[in-house]
Amino acid sequence: MDYSRFSPESLMMSYGYNPHLSEGAIKCPIFQTSTFVFHSAEEGKAFFEVAYGHRKKKKHEKIGLIYSRINNPDMEILEDRLTLWDGAEACAVFESGMSAISTTMLEFLKPGDLLLYSNPIYGGTHHFIHHVLTKFGIHIMGFRAGETMDEIEMRLKGSGLSDKLGMVYLETPANPTNDLIDIEMCVALARKYSVADKNVIVSVDNTYIGPIWQHPLKNGADLVLYSATKYIGGHSDVIAGAVLGNKELIGRVKVLRTFLGNMISPYTGWLLLRSLETLKVRMDKQAENAQKVVDWLKQHPLVEKVYYLGCLEHSNPSQHAIYRKQCLGNGAMLSFDITGGEKEAFTFLNNLKLIKLAVSLGGTESLAEHPATMTHVDIPDEERAHYNITSKLIRLSIGVENPQDLIWDIDQALEKVAQLDHIYNKEVAF
Ligand SMILES: *Cc1c(COP(=O)(O)O)cnc(C)c1O
């Protein structure tokens, strides 16, 4: 069958799965097994030769199931389905987003290499870069959204390490302010410093917008990474991760995964297969809700500024130019500055009734948090202010609830903040 005529959402129920290999079961079962029985010793030998890279797969040869650290149907079918959203050749799935990120960095960087990475960046990634990679003698250098290629290059040359550049790693849109980084600019930079025997790899963490509205491989990136805990899982009940790219690069990532042993478990893989069936409808609804929440927030007197991809057109032409090159939608992540500071932000958060006060994002239920004291607390104060992560910033992940209920909830929590200010003013007057 020619699958290319179908949209990814039409294939999430069936792609890569043959019911007749599983008693006709319409759904892929959970292959809760550690090992697989070979038909013959010869077959076992052939599978191992290919799995361990001792020889290349022959044309039409199928590499069979060996052992669940190497391969398992739930893992492989999930990988096949994930490739469809990003138009990738191959995918490797992991037990967490962090294991996808750390395994990728360890595979493509070696002692002496330089990693160039964007800021602000997910806290776990920041910690891994600063405290683990450096322990292995890998040099690191950050840049931020808004820096031009010339500015980045000048610092790169100034460091004396430009010939050591091994990877450009970026997160866009950036958490929590939706700042965009130009993927094509990073690709141009990487190509400029690639030489015959060393390709500088461009990796993009696409978690914050999810797999539907941004496809970094199409902008020239080599690898795209996800915390599948977020939109892909979508129900706040699993931790998982993924890396996608061409067969050669993903093949290398899979070999390291086999030896680190951080592959996804059959049960988590199965849960994600289930999640993928509703990815498009969930994300469409979440994005539609987010737009409604933003439209309402923008008119509220206690809301100073909204950070949302759909607001760039009039507020920030240079960011909007990047948006037009690489984004196909606005997603369901937004943040806003509340009038006041931590006291007002906390009053708002403590008074929400339907929206839950929790970190993480992209799930069916709406969540709210305070980046400056929670997800981004590790970033030094001065740097945080630079990224607009101040005490008055609140981050929202919008779910699939009735949007009027979300707006009602935000309204009544803001009303509590208004009352607080009222008391204040009296106290001051007194
Ligand atoms: C959550 C997250 C991660 C880490 O993923 P885990 O699944 O929690 O390990 C990485 N990057 C981004 C942008 C995230 O939001």
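Visitor: Which residue in S7 stands opposite Val 224?

Guide: Strands of a sheet pair through backbone hydrogen bonds, either parallel or antiparallel. Here Val 224 stands opposite Leu 244. The two strands involved, S6 (residues 223–227) and S7 (residues 241–245), run antiparallel and share five bridges. Two strands count as a pair if DSSP finds at least two bridges between them; strands (E, at least two residues) and helices (H or I, at least four) are DSSP runs, numbered from the N terminus.

This is a predicted model, where local features need pLDDT of at least 70, side-chain atom pairs count only at pLDDT 80 or more, and totals for chains, interfaces and linings use all residues. Numbering starts from 1 along each chain as its sequence is written, and side-chain values use heavy atoms, leaving out hydrogens and water.

Visitor: What is the strand order in the open sheet?

Guide: Seven strands go S1-S7-S6-S5-S4-S2-S3, with mixed pairing. S1 (90–94) and S3 (139–144) each have a single partner strand, so one side of each lacks a neighbour in the sheet.

Visitor: Which strands does helix H3 touch?

Guide: Contact means heavy atoms within 4.5 Å. H3 (residues 73–86) packs on the sheet, touching S1, S6 and S7.

Visitor: Is Asp 182 buried or exposed?

Guide: Buried means under 20% relative accessible area, exposed over 50%, partly exposed in between (1.4 Å probe, protein chains only). At 14%, Asp 182 is buried. You'll find Asp 182 in the loop between strand S4 (165–171) and helix H7 (183–192). Beyond its neighbours within four places in sequence, Asp 182 is in contact with Ile 322, Lys 325 and Gln 326.

How values were computed: Axes fitted to C-alpha atoms, helices over the stretch in contact; angles between N-to-C directions.
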